[in-house]
Amino acid sequence: MTMDFLTGLIRIILIFSVIMGLVAYMTLMERRFLGFFQLRLGPNRVGPGGLLQPIADGIKLFFKEDMTVSHANRFWFLLAPAIALVSVLACFAVVPASASIVVADMPVAVLYLLAFSSTGTYGILLAGWSSNNKYSLLGGLRAAAQMISYEIPLALSIVGVLIIAGSMSLVEIVKAQEGLWFIVKQPLGFVLFLICISAETNRTPFDLLECENELVAGYQTEYSSMKFGLFYMAEYAHILLASCLVSLFFLGGWNGPLLPAPLWLLIKVFFVFALFIWVRATFPRIRYDQLMSFSWKVLLPLAFLNLMATAVLTVYLA
Amino acid sequence: MSKALLKGLALTLKTFFRRPVTVQYPDEKRPVPERFRGRPMLLAREDGTPRCVACGLCEKICPSLCITVSAETGPDGVRALARYSLDLNRCSFCGLCVEACPVEAIAMGSEYELAAFGREPLVCTTERLLAATARNGEERP
């Protein structure tokens, strides 16, 4: 019993530190890639090729003054960043790096994922509300509205995958893709999932909740120091999660020749994240009403169509 | 609509693989234009003494009053330069002193990294202004 507990704990700590390391270096990758997209070099002065930049950023954030504005609701103001980060990190419990490297291989992993990633909305909404600042509140409200609207087509676009794989466990889903990646069987589902997950993680074409020219910094306006850092980490952890999920659901997860399984997943995650950066470097932010009507009038019907077509075909072929 | 989106993506992808235009400033510097007006410098005769005849026209024309010229009677009885002082704290690098000089004794150099830890190092004396000429390694008539 204690042995199980200890090995479990070690496993959690290991995976946690790998995730946090990846999150730190994703910020660097994003900044450098955005630089390249804009004919700049990006941060390259700290350490060889800028490799120590995330550490410098971390130290800087840590030594910033940690302020709590006097009119804020203190309890929720402090709790909100923690909720945002924990809800994302909890999701990684079911994300497998290979058939054996996983904290918990649950039979209901997909449900668990959807449930916990929705909890992240609470962090943002509470941050916006407890700051007691109209920009923060508007940012938080937008975040809540956006995440809820995009969660529906997001969930529906995964159901197609679940039907084909016949399981909700992520390990089983990846095993079902050993011959053929699901992107071939679910091209529409893949595109829908990609769009919805980038709205869910508040990436640039959909980053209305912190849109600078309208809302200052959205829900994080009043946050400083490590409290802001937690939001930042949560955001990048969420993007890492999104990249992992795209790879696991549609790109065959860790399946691949020659190289070890976790490395294959890492390569795929790298390319999916590069795609996210590419999209961010290309598209301007869309208007708020466009965002909403796009979700409800375009994505949702398409997701239903995809779901029905998949279901009918699966039954017909079986 | 999606075709336009893909076109945009193709364009940004092309820029991703182009060379960045960044000049990494302290490590690499852009060449200074030919008529750049940097730190002023005094030009010297072949024997190393300043060409300046201490007429004081530069002092008169200087809009920021940063030049002070003091004259003395030289060993051959001719008016000669005693001390030339140019205060870079005040200088606006307008180049009027160069325009005014009848003997082309002062010129604008190309140095532009003039930050110092105090005011004193920025007050340039004759020697420093001559030394700037040597550093620039160019004699602009």
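**Close-up 1. B:L122 in a loop of chain B.** In this predicted model, B:L122 sits in the loop that joins β4 (106–108) and β5 (123–124) of chain B. B:L122 is partly exposed, because 18 other C-beta atoms lie within 10 Å, and a buried residue would need 20 or more. Leaving aside neighbours within four places in sequence, the contacts of B:L122 are B:D87, B:L88, B:N89, B:L114 and B:A116. B:L86 is 36 residues away along the chain. The C-alpha atoms of B:L86 and B:L122 are separated by 8.4 Å. Chain B has an average pLDDT of 84. In chain B, 92% of the residues score at least 70.

**Close-up 2. A:M26 in helix α1 of chain A.** Helix α1 of chain A holds A:M26. A:M26 is buried, because 22 other C-beta atoms lie within 10 Å and the cut-off for a buried residue is 20 or more. Not counting residues up to four places away in sequence, A:M26 touches A:Y236, A:I239, A:L240 and A:F273. One of these, A:L240, is 214 residues from A:M26 in sequence. In space, the two are 8.1 Å apart, C-alpha to C-alpha.

**Close-up 3. Packing of α5(A) against α8(A).** Helix α5 (residues 134–165) and helix α8 (residues 187–200) of chain A pack at an angle of about 150 degrees. Their axes are 8 Å apart. The pair is therefore roughly antiparallel, since the angle is over 145. The crossing of α5(A) past α8(A) is left-handed. On the α5(A) side, the contact is made by A:Q146, A:M147, A:Y150, A:E151, A:P153, A:L154, A:S157, A:I158, A:G160 and A:V161. On the α8(A) side, A:G189, A:L192, A:F193, A:C196, A:I197, A:A199 and A:E200 take part. By class, the residues of this contact comprise 11 nonpolar, four polar and two charged.

**Close-up 4. The contact between chain A and chain B.** Chain A gives nine residues to the contact, and chain B gives 10 residues. On the side of chain A that touches chain B, α1 (2–37) and α11 (261–282) each supply at least two residues. The largest share, three residues, is from α11(A). This side of chain A divides into seven nonpolar residues, one polar and one charged. For the model, ipTM is 0.70 and pTM is 0.82.

Methods:
Residues numbered from 1 in each chain as written. Chains lettered and ligands numbered in written order. Predicted model: local features only at pLDDT ≥ 70, side-chain atom pairs only at ≥ 80, totals over all residues. Axes fitted to C-alpha atoms, helices over the stretch in contact; angles between N-to-C directions. Helix = DSSP H or I, 4+ residues; strand = E, 2+ residues; numbered from the N terminus. Parallel < 35°, antiparallel > 145°, perpendicular 65-115°, else oblique. Left-handed = near helix turned anticlockwise from the far one by under 90°. Contact = placed C-beta atoms within 7 Å. Nonpolar A, V, L, I, M, F, W, Y, C, P; charged D, E, K, R; others polar. pLDDT = per-residue confidence, 0-100. Buried ≥ 20, exposed ≤ 12 C-beta atoms within 10 Å, placed from the backbone.
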